[in-house]
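Open the structure in your viewer and keep the selection panel handy. We will go through it one stop at a time.

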Amino acid sequence: MILGTSGCGKSTLVNTLAGTITSTSGDIVYVKEQQSKPLNPKIHKIGIIPQNCGLLPWKTVKENCLLPLRIRKEQVSESRIKEITNIYKSLDIEKLLHKYPKELSGGQAQRAAIARAFIMRPDLLLMDEPFSALDEITREEARELFLKIWNQHKPTTVLVTHSIEEALYLGNRIIVMGTDKGNIKHQMDNPYFGQLSPQSLEYLAAKQLLRKQLIKTEVGEQTSE
Amino acid sequence: MNRLIKHGIIFVQGFLLINLLWWLASTVLDINVIPNPILVYKQFPTIFEDNIYIHIGASLKRIGLGLLLSLLVGVPIGILMGYSKIANKILYPLIYFSYPIPKTALLPVTMLLWGMRDGSKIAIIFLIIVFQVIVSVRDSVSHIDRTMYQVTRSAGANKRQIIRHVTLPAILPELLTNIRVSLGTAVSILFFIEAYGTKHGMGYYILDAWSRINYIDMYLGIIVISIVGFILFVSIDIIADKICRWSSL
C-alpha cells in the first residue's frame, strides 16, 4: 500500500511497474520461487486496475475480461472456466458480460476491471487510485468486494492511494511516499488490515500519524519551491 | 434496424420531394432540357437493355479499388504519424500542403503516368480519399486514452497485439465517417474520370447520352448514379452501426 499526496510520483511508480515507462535508474526485480528475474510484462502476469478502470470501450465486458488470456495465448481448461465463472459471480457481473463499458455505471465498470485483473491470475496486481472515482456508498461496497476476492487469491498487490482510510483498510504494509524523487517517508505494518473503521484509540493514533507524515511531505514541498 | 427504417422514411420523403420539384420545373419552364419526370420513369426499363449493370459495375470497381488502395496506404501512414513524432514532423507539412490541392488538377499527370484506362482513374480516386484517411487516422490515434495502452501492455501485449486490440478498433468509427464523405466525392468525380478512355461507367453513360442529345437517357443515368451514391452512403452507415455499436451508445 503506497500512500502519498498528489504529484509525489505514485502513478509514475505504477506505470514503471506496469512496464509502460522504463525506469531512469535502477532495476525492478520480481522474486518468485526463489528465482529473481527482472520484472517484465512478457514474463510476469501484471494485472492493473487504473482509476478510470481502463476497460477497452470497443470490447464487451466479457471480451475485456478474457483479453489478457487471449494476449498471452493461454489454454483455458474446464477448471479455469469454472474459476472465471466464480469470479464473475462473486463480483456480480454475470448479467453485464455482453454489455459495452459505456453502458455500465461507475461501480459496475470497477467490478469488471477487478474481474479482469483477477481472471488473469496476476503475479503482481497494480491498482492506481482504483476507488477514487466512485461515490461514497459504491466505494465502500467495491472495497469490501475487492477484499473478499483478494482473500481468495492473494496476489502480490501494490495499491497507490491518497486516502488514509483506504490505506488502513486495504493495506498489509503501508508506505508513505515523499515528494522528493520518490523517497520513503514512513513505513509501517498495518494491524488494521480488513477492519472497517475500528473504533480503538490505537487506530485513531495510527491515522493521526499517517496524516502527519502526509502533511510533512506537503510542507517539505512548499519550502523547496 | 430502427435506423434502417428511419433512413428508409427519409429516403422516400426526399425522393418524392425532389421529383415534385422536378415535375413543377418541367411543367412551368416547358423546355426539352427538363423533361417530364413521368416520361423519364416510363423509360426506366430501357436502362436494363443498355446493360446498366455493366456501367454500375465498372464505376464501382474503380471506386472500390481506389478506396482499397487508399486504406492500404493511408491507415499505416496515419498510424505511423500518430505514434512517431519524427514521422509526423516529416510528413505533416507534406500532408498539410497537399490536402487542399484539388486532386483533379493532377488528372493530366496521372494520365501520363498510368495511361488512359483504369490506372489514372483509380489514381485520382486514390488521391482524393487517401489524404482524408491519413488525417482522420492520425487524429484518432492521438486521441486514444493512455490507460488503454497501460492495461494492454501490462497484460503482456506486443506491438502487433496493441495495434490489433487498441489502435485499429479505436480509429474505426472516425475512419468510417470519413470514408462515407470521401465516397460521395468519388462518385461525383466519375464525370471527370469517365469522360475519357472508356465505354463503361455511370459517368460515361450520362456523358454519352448528353452528347447524343438524348435527354431522357441522360436523366436516367442521373437517377441511377444518385441511387448508387445513396446506397453506398447507407451501406457505410449500416456497417458502422454493426461494428462500431460501442461508439454510438
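Select chain B and colour by burial: of its 249 residues, 43% count as buried, meaning under 20% relative accessible area, with exposed being over 50% and partly exposed in between (1.4 Å probe, protein chains only). This is a predicted model, in which local features need pLDDT of at least 70, side-chain atom pairs count only at pLDDT 80 or more, and totals for chains, interfaces and linings use all residues. Residues are numbered from 1 along each chain as its sequence is written, chains are lettered from A and ligands numbered from 1 in the order written, and side-chain values use heavy atoms, without hydrogens or water.

Now switch to a cartoon. Chain B shows 12 helices and zero strands; helices (H or I, at least four residues) and strands (E, at least two) are DSSP runs, numbered from the N terminus. The C-alpha trace of chain B spans about 70 × 50 × 30 Å along its principal axes.

Next, select residues 56–240 of chain B. UniProt, in an unreviewed entry, places "domain: ABC transmembrane type-1" here; such annotations may be inferred rather than shown by experiment. The span is 83% helix and 0% strand, and its end C-alpha atoms lie 24 Å apart.

Finally, move to chain A for two backbone stops. Most residues other than glycine have a negative phi.

- A:Asp92 has a positive phi, near 60°, and sits in the loop between α3 (78–90) and α4 (106–119).
- A:Arg121 has a positive phi of about 50°, in the loop between α4 and β5 (124–128); A:Arg121 is partly exposed, at 39% relative accessible area.
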